[in-house]
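Here are my notes for you, in the order I'd go through them. Have the structure open while you read, and turn it as you go.

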Amino acid sequence: MIVTTDRYVSLTSVPCKILESIIRDTVVARLDKLGFYDDCQHGFVKGWSTLTNLLETIEAWTRIIEEGLGLDVIYLDYRKAFDTVPHRRLLRKLRKLGINDTLLKWIEHFLMGRHMRVQVNGSFSGVWMD
């Protein structure tokens with residue numbers, strides 16, 4: 001994994017990326033079937049994105065201001081939170097959502113024991129395992 005100033009870039013083989021995509025689609029379809037996603041959910045939902053979230057937000061803020069109401073906005077940066085998802089907890093939650101054992105085992109093997117390093121301004125960190 002290489003870190004740039006804004007986001008991570010994962011150096012993964014093409015077959016691995018294809019398999020990740022298939023598994024992601026399977027898990028997302030399962031969650032969608034369970035009604036897991038709220039109507040306000042934009043990330044990880046087909047046809048929705050950070051752009052659709054932004055457009056809905058601006059529309060709501062505009063309506064509030066036009067009605068003469070007050071508006072306070074708090075910005076939160078969750079970027080670091082997604083870098084530290086505890087894998088065991090994620091696997092337990094997926095199990096509770098009915099993801100089958102075979103797929104859970106694959107996800108566990110995919111997540112555990114991965115080697116990573118960080119590159120900043122041409123310098124690399126030591127290699128660490130998750």
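1. Keep in mind that this is a predicted model. Let's start with tryptophan 106: its relative accessibility is 28%, so this residue counts as partly exposed. To call a residue buried, you'd need a value under 20%.

2. Now look at phenylalanine 110. With 18% relative accessibility, phenylalanine 110 does count as buried. Tryptophan 106 and phenylalanine 110 make a stacked aromatic pair, with 5.0 Å from centre to centre and 10 degrees between the planes. Both sit in helix H4, and because they are 4 residues apart there, about one helical turn separates them. As a general rule, an α-helix has 3.6 residues a turn, so residues three or four places apart point the same way.

3. How many aromatic pairs does the structure hold? There are 2. Phenylalanine 36 and tyrosine 37 form an edge-to-face pair, because their ring planes are at 80 degrees, with the centres 5.6 Å apart. Phenylalanine 36 is partly exposed, at a relative accessible area of 47%, while tyrosine 37 is buried, at 18%.

4. Next, helix H1, which covers residues 14–33. After H1 comes glycine 35, which has a positive phi, near 70 degrees.

5. Which residues of H1 are buried? They are Cys16, Ile23, Val27 and Leu31. Look down the axis of H1 and you'll find the buried residues within an arc of 75 degrees, so they line one face of the helix. What do they pack against? Their partners are helix H3 (87–96) and helix H4 (101–111). On the face of H1 turned away from the buried side, you'll see the exposed residues Val14, Pro15, Asp32 and Lys33.

6. Last, find arginine 30, also in helix H1. Arginine 30 has a relative accessibility of 29%, so it counts as partly exposed. Skip its neighbours within four places in sequence, and arginine 30 is in contact with Leu97, Gly98 and Ile99. Take leucine 97: it is 67 residues from arginine 30 along the chain, yet their C-alpha atoms are separated by 8.4 Å. A polar atom of the arginine 30 side chain lies 3.2 Å from the backbone oxygen of leucine 97.

Definitions and conventions: Residues numbered from 1 in each chain as written. Heavy atoms only, no water. Helix = DSSP H or I, 4+ residues; strand = E, 2+ residues; numbered from the N terminus. Expected span 1.5 Å × (residues − 1). Buried < 20%, exposed > 50% of the residue type's maximum accessible area, 1.4 Å probe, protein only. Arc of directions from axis to C-beta. Contact = heavy atoms within 4.5 Å. Polar contact = N/O pair within 3.5 Å; in protein donor to acceptor, adjacent residues only side chain to side chain. Phe/Tyr/Trp six-rings, centres within 6.5 Å; stacked < 30°, edge-to-face > 60°.
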